[in-house]
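Walk through this structure chain by chain, then look at where the chains meet.

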Amino acid sequence: MISFVEMMHLALHVGLPHFLLLSAVLFAIGLFGLFTKKGIIAVLMCIELMLNAVNINFIAFNHYMPATDLSGQLMALFSIAVAAAEVAIGLALAFRIYHDHHTVNVDDLNHLKG
Amino acid sequence: MNDLILSLHRLIDMGMTMAEELGTPEIILAAVFYVFAGISVLGALGVVLGRNIVHSALCLTASFIGIGCLYIFLSADFLGAVQFLVYGGAVAILIVMAIMLTRREDMAHSNPSRSIPHQLAALVVAGMFLLAMAAVALMSPFQTAPADIGDTVTGIADLMLTKYVLPFEIVAVLLLIAMIGAIILAKGVDES
Amino acid sequence: MHNGILLTAAGWIRDILTFLFGNELLVNILMTLVGIGAIISVILTSAIVFTYAERKVCAFMQVRIGPNRVGGRFGLLQPVADMLKLMSKEDIIPNGCDRVVWSLSPMLLFVPSALIYSFFPFDDGAILADVNVGLFLLLAISSQAVLPFLMGGYASNSKYAMIGGMRTVAQMLSYEAPMAFSLIGVVMLTGSMKMSAIVEAQATHTWFVLLQPIAFVIYLITATAETNRTPFDLVEDESEIVAGPFTEYSGMRWALFFLAEYANLLSISILTTTLFLGGWHGPVLPGAVWFWLKVLVMIFVFMWFRWTFPRTRIDQMLSFSWKVLLPLALVNMLLTGVGIYLYQSLC
C-alpha cells in the first residue's frame, strides 16, 4: 500500500490518470442518469454528458502521449459534430413524440410491445 | 524609507522562494484542474439528481463550461472555444424544448427518476463501470511525454484538409442530413 | 521602438510596483490585476457616459433638447440622477419565481459581457490576453449571453418574460451563424485569429472595411441583433412584451441588465473598430486616441440605427437571417477565397 503522503503527491501532480479518472466519473454519472431518468430530454442530456466524457479522453491522450499531430483533438471535434447531429435529431424526435402521444416519459412509449 | 522598502523586498523575495520550494507552480496547476473538474462533476451530478429539468439543463451548462476550461488547460484552446460555442447553443435549445414539453405547474417535478430499486441497480452498474475504468486508468503503464504541438488552429486545419479529409466531408454531409431530418421530423410531412 | 501611450502608462505603473515590491512574479500578477481593474473601470465609465449620450442623441434625432435640468444647461449630472433612482428603487421579487435562477440571471449576464474585453487590443500591445484563437474564443464567450436571458425569462414566472426568453434564443442563435461566417472573411485575409495580428494586417494592407464591405454590412446588422438594440430589440420589445426577460426585475438587478447592455454596445463598437476600421492605427495622433475616436463614431452609428429605424417583426427578422444574411455571408467567404487565390497567383 502507498502512504498518505505519496497519495497526496500523486494527486497534486496532474497527469493523464487524473483526466482518465475524471472522464470515467463523468461517464459513470451519465450512465446512471441514462438508466434512471424518465424524461426523454433528461436522457438526451445524459447521453451528451457521456459523449463529453469521451472527448476528454481524446484530448487528454493527445496532450500527454508522445503525439506528433493533433489527431486526438480532431477526433474530439468530429465527435462534437456528431453529438450536435444527435441532439438535433433527438430533440426533433422528442418534439414529434410529444406531439403524437402527449408524453415525454420513455416508459409510456411501449407501443411496439406485443 | 529606503530601508523599509528594501526590507519589504527581502521579505517578499523570501516568501516567493519558499513558495517555489514548496512546489507552488504544481499546486496552482493542480488547483486549476481540481476547480474545473469539480465544476464539471458537480454539474453532472446536478443533471442526474435535479428534480427540475431546467435546473438540470443549467447544471449541464456548468459541466460543459468546466470541461471546456479543462480543454484549454490541455492546450486545446480551439476545442475549448468550440465546446463553449456549440454547447452554449445546444443547452439553450434543450431548455426551450424542455419548457415547451412541460406544463408550467409541473415544473418542480419535471425531471422524474425511476423507483428506488431501479436506481440501486443503475448505481451498481455505473459503479462497476467506474471501478473497471479506474483500474484501467491507474494500472496502465502509459508512456506520457507532453509534447509542444504548436498552433492548434493551423494544426487542426492542416489535418482536416489532408489526412482526415474524408471523415471531414462525411461529417459535413451528416450534419446536413441531420438538419434536414430534424426539420422534417419536427414540422411533419404534408400528406396531401 | 514605437509604443502607444497605454503601454507607456503601464510601464510607469510597473516601475512603481517594482520599486515597491521588487519580486518580478508578484509584479506580473499585480499588473494583471491592474489590467483587469482598468477594463472594469472602462466598462463602468462607458455605462455612465452612454446613458447620457443615448438621451442626447435620441433628443437630437427627435429635434428635442434632451436632459437639461440636473447639472446645468446640458443636464450633465443626469447619469448621477439615474443611478440614484436605480439604487433607491424597491427590489421586487415576483411571486412563484424560481429564486436561485432568478437572482443569478442578471449577474451571469454581466460575466460574458465583461470577459470578452480581455481580447480587445486597446492600443499597441495593450491587450490583456492575446491568444491564438482570440476572435473565435471571443465569439464563443459572447454567445453564452443567451443563457442568462433565458434563465431570467424562465424564472420570472411571467408570460411576457417567458416569451422574451424564447425570442432571445431564436434571435441570438440565428444571428450568431451569419456573424461568425462574415468574420471568417477577415480571418481568411489575416491568416490568423489573433486579435493583434488582425490589427497588424490592416496596418500593412488597408482597412478591412474596404476589402470586406459585404462582411462589414452583415456584421453591423448581426451585431445590432446580438445586442438586442432597435431595430432588432424584439427581446425587450416594450410595445409587445413589456420588457421581455427584464419585466419582473427592478432596482439594482435591472441596473445590472442595463450595464450589460451598454457593455455589449461598447464591445461591438470596439470589435467593429478592431476588425474593420484598422484598430488603433492612424496617422499623427497616438494609437489610443485613434482607437477611441473610431469607437465613438461606431457607437454613434449604433445609436443612430436605434433612433431612426422602426422595429422589425420576429418572423421577418428570423427569415432575414437564414434566407438573406447567411447565404450572403457564404458567398462573401467564397469571393474572399477566390480573391486571395487570384492575389497570390498574380503577385
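Two residues are in contact if their C-beta atoms, placed from the backbone, lie within 7 Å. With that rule, residues 24 or more positions apart account for 77% of the contacts in chain C with a separation of 6 or more.

Some ground rules come next. Residues are numbered from 1 along each chain as its sequence is written, while chains are lettered from A and ligands numbered from 1 in the order in which they are written. This is a predicted model, in which local features need pLDDT of at least 70, side-chain atom pairs count only at pLDDT 80 or more, and totals for chains, interfaces and linings use all residues.

The model scores ipTM 0.84 and pTM 0.85. Chain C has a mean pLDDT of 82, with 97% of its residues at 70 or more. Here pLDDT is the predictor's confidence in each residue, from 0 to 100.

Stay with chain C. Its secondary structure comes to 14 helices and zero strands. Helices (H or I, at least four residues) and strands (E, at least two) are DSSP runs, numbered from the N terminus. The radius of gyration of chain C is 21 Å, close to the 20 Å that the globule rule gives for 347 residues, so chain C is as compact as a globular protein of that length. That radius is taken over C-alpha atoms, and the globule rule is 2.2 Å times the number of residues to the power 0.38. Along its principal axes, the C-alpha trace of chain C spans about 65 × 60 × 45 Å. Buried residues make up 44% of the 347 residues. A residue is buried if 20 or more other C-beta atoms lie within 10 Å of its own, exposed if 12 or fewer, and partly exposed in between; the C-beta atoms are placed from the backbone.

The buried residues of α2(C) are V27(C), S46(C), A47(C), F50(C), T51(C) and Y52(C). Their cover includes α1 (5-21), α3 (78-88) and α12 (251-276) of chain C. Just after α2(C), V63(C) takes a positive phi of about 55 degrees.

An α-helix has 3.6 residues a turn, so residues three or four places apart point the same way.

Now turn to chain A. It has four helices and zero strands. Its radius of gyration is 19 Å, well over the 13 Å that the globule rule gives for 114 residues, so chain A is more spread out than a compact globule. The C-alpha trace of chain A spans about 60 × 35 × 25 Å along its principal axes. Buried residues make up 51% of chain A. Among its contacts between residues at least 6 apart in sequence, 52% join residues at least 24 apart.

Chain B has seven helices and zero strands. A compact globule of 192 residues would have a radius of gyration near 16 Å, but chain B has 24 Å. Its C-alpha atoms fill a box of roughly 90 × 50 × 45 Å, taken along the principal axes. Of its 192 residues, 35% count as buried.

How do the chains meet? Of the two pairs of chains that touch, A and B have the most contacts. That contact takes 72 residues from chain B and 63 residues from chain A. By class, the side of chain B that touches chain A has 57 nonpolar, 13 polar and two charged residues. Ala, Val, Leu, Ile, Met, Phe, Trp, Tyr, Cys and Pro count as nonpolar, Asp, Glu, Lys and Arg as charged, and the others, Gly among them, as polar.

The contact between chains B and C takes 23 residues from chain B and 26 residues from chain C. On the chain B side, α4(B) gives the largest share, 13 residues. Chains A and C do not touch; their nearest C-alpha atoms are 14 Å apart.
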